[in-house]
Structures are given as C-alpha cells and as structure tokens.
Amino acid sequence: MISGALITCSLFLISNNVKGQEEIQIPPEATEFYEPVPPVISSGKSTATPPADVIVLFDGTNLSSWEGERKGAVATWIVENGIMTVNPKTGGINTKQSFGDLQIHLEWRYE
C-alpha cells in the first residue's frame with residue numbers, strides 16, 4: 001500500500017517541476033535561426049521539367065552521374081526503357097558528386 005507521505009511528496013515534486021518550467025522564458029531568437037535565407041527557386045516550366053536548382057542524377061538514359069562502390073569504378077547497373085535496375089552481384093552504386101545537407105525529390109516506379 002502506498003503511504004500518504006509518499007503521495008504528498010510526489011505531488012509536491014510534480015507541482016514544483018511544472019512551476020519551474022513555467023518560469024523559464026526563452027525568446028525564439030535564442031533557438032531559431034532565420035539566416036541564411038535560402039534563395040527562391042523558380043519551378044520547372046512544366047511538370048516534366050525540374051526546378052532551376054536541381055541536379056539531375058538520373059535522366060533515364062545513362063549512369064553518367066554514378067560510379068561503382070569503389071571510388072572511380074564504373075557503375076554497371078542496367079538502364080533500359082528509362083529505368084535503372086540493379087545488376088545482380090555487381091554491388092551498389094554511389095553518386096560521383098558528394099552532397100551534404102540537401103532536399104531530395106525522388107520518383108520511382110514499382111512493378
């Protein structure tokens with residue numbers, strides 16, 4: 001059975017914790033960063049064209065932006081009918097270009 005003293009002590013600690021949280025006022029400027037402001041990028045001319053700042057890594061025709069897992073190795077996946085498909089037992093592929101923080105737009109088709 002829980003004693004009344006334990007319940008009283010628990011309620012006291014909870015109320016003090018809530019009270020302490022209410023007293024701390026942190027201005028948004030201390031934790032939110034508004035610079036640098038990213039540039040406004042124009043969208044593509046149609047739904048079939050990418051925005052102006054896009055780096056197209058696969059256009060459906062070749063693997064020119066890709067390499068094998070070992071730096072400089074040729075990417076040997078299969079490209080047919082605008083589709084990139086894993087070539088069994090050839091390993092993974094990586095982009096030739098390195099990227100840090102990015103926004104990615106990915107489209108794929110599942111059959």
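The secondary structure here comes to one helix and four strands, where helices (H or I, at least four residues) and strands (E, at least two) are DSSP runs numbered from the N terminus. Read from the N terminus, the order is α-β-β-β-β. This is a predicted model, in which local features need pLDDT of at least 70 and side-chain atom pairs count only at pLDDT 80 or more, while totals for chains, interfaces and linings use all residues. Residues are numbered from 1 along each chain as its sequence is written, and side-chain values use heavy atoms, with hydrogens and water left out.

Confidence next. pLDDT is the predictor's confidence in each residue, from 0 to 100. The mean for the protein is 80, and 80% of its residues reach 70 or more. Among the elements, helix α1, residues 4-23, has the lowest mean pLDDT, 56, and strand β2, residues 78-80, has the highest, 96.

Now burial and surface. Buried means under 20% relative accessible area, exposed means over 50%, and partly exposed is in between, with a 1.4 Å probe and protein chains only. Of the 111 residues in the protein, 6% are buried.

Which residue does Lys71 meet in a salt bridge? The partner is Glu67, with the side chains at 3.8 Å, N to O. A salt bridge is a side-chain nitrogen of Lys or Arg within 4 Å of a carboxyl oxygen of Asp or Glu, and the structure holds one. Side chains of opposite charge can pair when their charged atoms come close. Lys71 counts as exposed, because its relative accessibility is 68%. Glu67 counts as buried, because its value is 9%.

Leaving aside neighbours within four places in sequence, Glu67 is in contact with Gly72, Ala73, Ala75, Gly92, Ile93, Asn94, Thr95 and Lys96.

Then there is a nonpolar patch on the surface, formed by Ile55, Phe99, Leu102, Ile104, Leu106, Trp108 and Tyr110, with about 920 Å² of accessible area together. Patches are made of residues with over 30% relative accessible area and no salt bridge; like charges are joined within 9 Å, and nonpolar side chains (Val, Leu, Ile, Met, Phe, Trp, Tyr) within 5 Å. One of the members, Phe99, lies in the segment after β4, residues 93-95. Phe99 is partly exposed, because its relative accessible area is 35%.

Last, the backbone. Asn81 has phi near 55°, a positive value in a residue other than glycine. Asn81 lies in the loop between β2 and β3, the latter being residues 83-85, and counts as exposed at 76% relative accessibility. Lys89 also is not a glycine and has a positive phi, about 65°. The place of Lys89 is in the loop between β3 and β4, and at 89% relative accessibility Lys89 counts as exposed.

Terms used: Contact means heavy atoms within 4.5 Å. Accessible areas come from the Shrake-Rupley method with a 1.4 Å probe; for residues, only the protein chains shown count as cover.
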